[in-house]
Amino acid sequence: MSYATSCILVFILPTIRHLYADGSTNQKLKEKLFCTYDSIIRPVSNPNDTLKVSYGLALYKIIEMSVADETLQLLVWQRMSWKDENLMWDPNEFGQIKSINLLGQSIWFPDIVLYQSLISTEIDVKPGSIPLKVFSTGLVHMYRPLKITAGCDADVTFFPYDTQTCTLSMTSWTFDASALLLVPLNETERNLTATDMSKFSEDPAWKVDSFSAESKLEPGNHSSLAFTLVLSRRPLFFEMNLLVPTVLIAILALVTFLIPMTEGGKISYAITVFLALVVNLLIVSGYLPSTSLTTPILSYYLMACIVLVTVSLLMTNFVLSFYYPGENVKPIPKLLRPLLFKVLSRILLLGGYSYHQEDQKELEKLDQEPIDKFLINNAYPKDALMEFQLTEIRLLSEINKNVESLADHFNSAESDDQVTDEWKFLAAMIDRLMLILYAIANVGAVAIMYFGTKAQWSWMRSLNN
C-alpha cells in the first residue's frame with residue numbers, strides 16, 4: 001500500500017466510522033421508539049388525560065375572495081405542536097440525539113379539520129407524507145403549506161366599500177374537548193403566534209384589517225379554534241370603472257329634458273340612456289352574490305335611476321303630446337292661465353307669457369238686411385234706380401260678404417295659433433319642471449349612495465385602526 005493511500009484512509013476511516021455510528025444510533029432510537037408504538041392510540045399515559053394541541057396559521061397570500069360565490073381561498077402555513085408521551089427518550093443513551101425527523105404516517109396525528117371547508121378533508125385527517133420533527137421531550141412540531149378553500153358569508157350592503165368577516169373554525173373530527181384541547185400557538189422563544197402575518201403578501205383587491213384566533217367550544221363538546229379574518233375592499237377599481245360611469249349615465253338622462261322638442265331624437269335618446277343603465281346593472285350584478293339577504297345600496301341607486309329614466313321617457317311622450325296638440329285643440333282653462341303663465345313660468349325661469357285673452361264682451365251681431373234691399377227700401381225708390389245701379393249694388397254686397405268671410409277665417413286661424421302656442425309653452429314648462437325634479441332626485445340619490453357607503457367604510461376603518 002502506498003503512502004498516499006495510507007494518508008487518505010487515515011482521514012476517511014474516522015469519518016465513515018462516525019457516520020456509521022450516527023446511523024446506527026438513529027436506527028436503534030427508532031427501533032426503541034416504535035417497538036411497541038401504536039399510531040392509532042392517543043399518545044397519553046392516562047386515558048383520562050387531555051391532550052393539548054397548539055395550533056396556528058401563518059397567512060401568506062389571499063388567493064381569491066369571491067363575493068359572488070361567497071368563497072375564500074388562502075395560502076397559509078399550518079403550524080401544530082403537541083406532546084407525544086410515547087416518543088420520549090434520554091439523549092445520553094443515544095449519542096446526544098435530541099431530535100429526529102419522521103413522517104406523519106409513522107406516529108399519531110391530530111385529526112384537525114376546517115369546518116367551513118368546501119373541499120374533501122381526507123388529506124387533512126391523515127396527512128401521511130408530512131415531515132415532522134420530534135424532540136426527546138416528546139414534543140412534536142409540524143409545519144406545512146396549506147391551501148384553504150372555505151365558505152364565507154358576504155355582506156354587500158355597502159359595496160364597493162364593503163367589509164367582509166370570514167371565520168375559519170379548526171376542530172378535531174373525532175375527539176371531544178375532554179380528549180383533545182385546541183389552544184392558540186404561542187412560542188415566545190421562537191417568536192411564533194397563532195396568527196402570523198410577518199410573511200404576508202399584500203393583495204391588490206383586499207386589505208387585511210385584522211387576523212385573530214380565539215378558543216371556542218363547538219356543539220357536541222368539541223374544542224375549536226376560530227380564526228377571524230376581517231377584509232376590507234380596496235374601492236378604487238370600482239370607483240373608476242363602475243361608480244363614475246353609473247353616475248355619468250344618470251347625469252346624461254338630464255340631457256333628455258334639454259333636447260329641443262322640435263328635434264326628432266328626443267325619444268330615441270331617452271331609450272338609449274335607459275338601455276345603458278340596464279346594461280350597467282347587469283355588470284354590477286356579476287360582482288354580487290345571488291342572494292336576497294343583502295342588497296347593495298348601489299343596486300338601489302341603479303334601480304332608482306332606471307325608474308327616473310322610465311318616468312322621464314313617459315313624461316317626454318306626455319310633453320310631446322302637448323307640444324303637438326293636433327287639430328281642434330281646446331284652449332287652456334281660463335282659471336289656470338294666470339297661475340301657469342304668470343306665476344309658475346317665472347318660478348321655472350321661463351319668463352312671463354302673454355297668453356291669448358278673449359274679449360269679455362260679446363260682439364253684437366247686427367242682423368242687417370242685404371245692402372241692395374236696404375238701399376232700395378230705404379235710400380232710393382225702385383222706380384228711381386237705373387238697372388246698372390242695382391247691378392253695382394249687388395256686386396258690392398257680394399264683395400262685402402267675401403271680405404267678411406276672409407276676415408273671419410284669418411281671425412279663426414290666428415286664434416288657433418295662439419292656443420297652440422299656449423300648449424307649446426305649457427309643454428316647455430313641464431319639460432323644465434321635470435328637469436329640475438330629476439336633477440334634485442339624482443343628486444339626492446348620489447348623496448345617499450356615496451356618502452352613506454363612504455361614511456360606513458370610514459367608520460369601519462377607524463374602528464379597525
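Helix α4 (residues 266-285) and α5 pack at an angle of about 165°, their axes 10 Å apart. This is a predicted model: local features need pLDDT of at least 70, side-chain atom pairs count only at pLDDT 80 or more, and totals for chains, interfaces and linings use all residues. Residues are numbered from 1 along each chain as its sequence is written, and side-chain values use heavy atoms, without hydrogens and water.

Student: Is α4 roughly parallel or antiparallel to α5?

Tutor: Axes are lines fitted to C-alpha atoms over the stretch in contact, and angles run from 0 to 180 degrees between N-to-C directions. The angle here is about 165°. Angles over 145 degrees count as roughly antiparallel. Therefore α4 to α5 is roughly antiparallel.

Student: Which residue of β6 stands opposite Val134?

Tutor: Strands are DSSP E runs of at least two residues, helices H or I runs of at least four. Strands pair if DSSP finds at least two bridges between them. β5 and strand β6 (residues 139-151) are antiparallel over 3 bridges. Opposite Val134 stands Val140.

Student: Which residues form the covered face of strand β5 (residues 131-135)?

Tutor: In a regular strand, side chains alternate between the two faces of the sheet. In β5, the uncovered face holds Pro131, Lys133 and Phe135. The covered face is Leu132 and Val134.

Key: Buried < 20%, exposed > 50% of the residue type's maximum accessible area, 1.4 Å probe, protein only. Parallel < 35°, antiparallel > 145°, perpendicular 65-115°, else oblique.
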